[in-house]
Amino acid sequence: ADIKGDTFEQLKQTLSTLSYPLITYTDGKAVRQERDFIETNETSKQINILHLDTSRLIDKVKELTFDGGIVGIIVNTVKKAQDLTRLLEKELGEENVELLHSNFISTDRIKNEKNLLSIIGKGVGNNRPFKKIIVGTQVIEQSLDIDFDVMISDIAPMDLLIQRIGRLHRHDLKDRPKSLKIPNLYILDTNDDYEYEKGTDAVYGKYILMRTQYFMPKIINIPMDISYLIQKIYSNEELELDENLKSIYENSKQKYNEKIDYKKKRANDYKLKSPVLKQKRLQSSTLVGWLNNTSKDKTDEKAFAQVRDIEQTIEVIALKKMGTGYGIFEDGLDITNQIGNYNIDKEIAKNTLRLPRLLSLPHNIDKTIELLENYYKIHLLKWEKSTWLKGELGIIFDEENKFEINGVTLKYDT
């Protein structure tokens, strides 16, 4: 399409398409689109969508791996991933289960990711373990080039389910177990009452989950169905629901719209001003001051929390008490007196940890940040002389790997 001089509504209508892939770009004042791409067998696959109750998950995993295979299980909360891992290790053996989520210290998470890539990454080919169950959270759907023979997933918004599907039969392997040669995705806990786990509701909100379940097909064709399904979920098309569900749906829709309005307002506080492109009486035609933060609240951590279009989180550098000082978990050495050494500081800075959501809820995130800033002034003031560490929030776990903050006791387990 080559569009010039249309009104906004005409432009919107002309550019509306279900094509995927799709490239939209500007050429001078024209808006152009590339919609026609050659489809190949390597880029297309058909995924069967099946439904499974969590109470049957362990039995289903045993059934699926009777002849071996790599199972990917993606759930929406760290706690569920941890609890499920413990159950699977008990039933299928610790050697057959791996866990990956976002609440590991970064250095541990990287090790875990490298381990996964070494056993089910692209370069491994057909030299994969006979049996392995990978339990993880949303981190699995983000950029990891790994391959599952079969996938089980919590219900999630359609676009994220499609992201997760990207790890199902990702590579061209010939030696998959016979029963797993067809890619199947099992969705957990969909039901006629549209009731979801509390954690899943909290992370994604009921409105988009209800729409995802409502429009969920029995088969998803990748990539042909991607645009169609996502546009369906985020459209204004009404759902035909039983009377007892209509009020639940409308209430969840109102909460969703309020959340979107809140995000817009939050983003507006940090939005870039329009640049001065022509010299005016009181402004020169430069970009000086264009990036200035006009918000009253200018602390970096609070600013970062504001502009992330995700649930607010707090990241700290995680340390461990060593004698009268501290060090990183990996080495077990007191490095307190070496702060200021470029290489030491750089190693410390790698050990970031995302604090649990419990500490960054709207009602307590400011208090948590305030406590961490005060903790920095008391215990980590040496960091002021380090280019790597200055101003970074940090915590020091005790000998039992525990740390208390804002009424919460954290315990770290590698």
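**Note on backbone geometry**

1. N406 is partly exposed, with a relative accessible area of 26%; here buried means under 20% relative accessible area, exposed over 50%, and partly exposed in between (1.4 Å probe, protein chains only). The phi of N406, a residue other than glycine, is positive, near 50 degrees. N406 is placed in the loop between β15 (402-405) and β16 (408-411). Helices (H or I, at least four residues) and strands (E, at least two) are DSSP runs, numbered from the N terminus.

2. This is a predicted model, in which local features need pLDDT of at least 70, side-chain atom pairs count only at pLDDT 80 or more, and totals for chains, interfaces and linings use all residues. Residues are numbered from 1 along each chain as its sequence is written, and side-chain values use heavy atoms, with hydrogens and water left out.

3. Most residues other than glycine have a negative phi, and most peptide bonds are trans. The remaining points should be read against that background.

4. H169 is not a glycine, yet has a positive phi of about 50 degrees. The loop between α5 (158-165) and β9 (184-188) contains H169. With a relative accessibility of 12%, H169 counts as buried.

5. Y20 and P21 are joined by a cis peptide bond, with omega about 0 degrees. P21 belongs to the loop between α1 (8-15) and β2 (23-27).

6. Another cis peptide bond links I222 to P223, where omega is about 10 degrees. P223 is found in the loop between β10 (219-222) and α8 (226-233).
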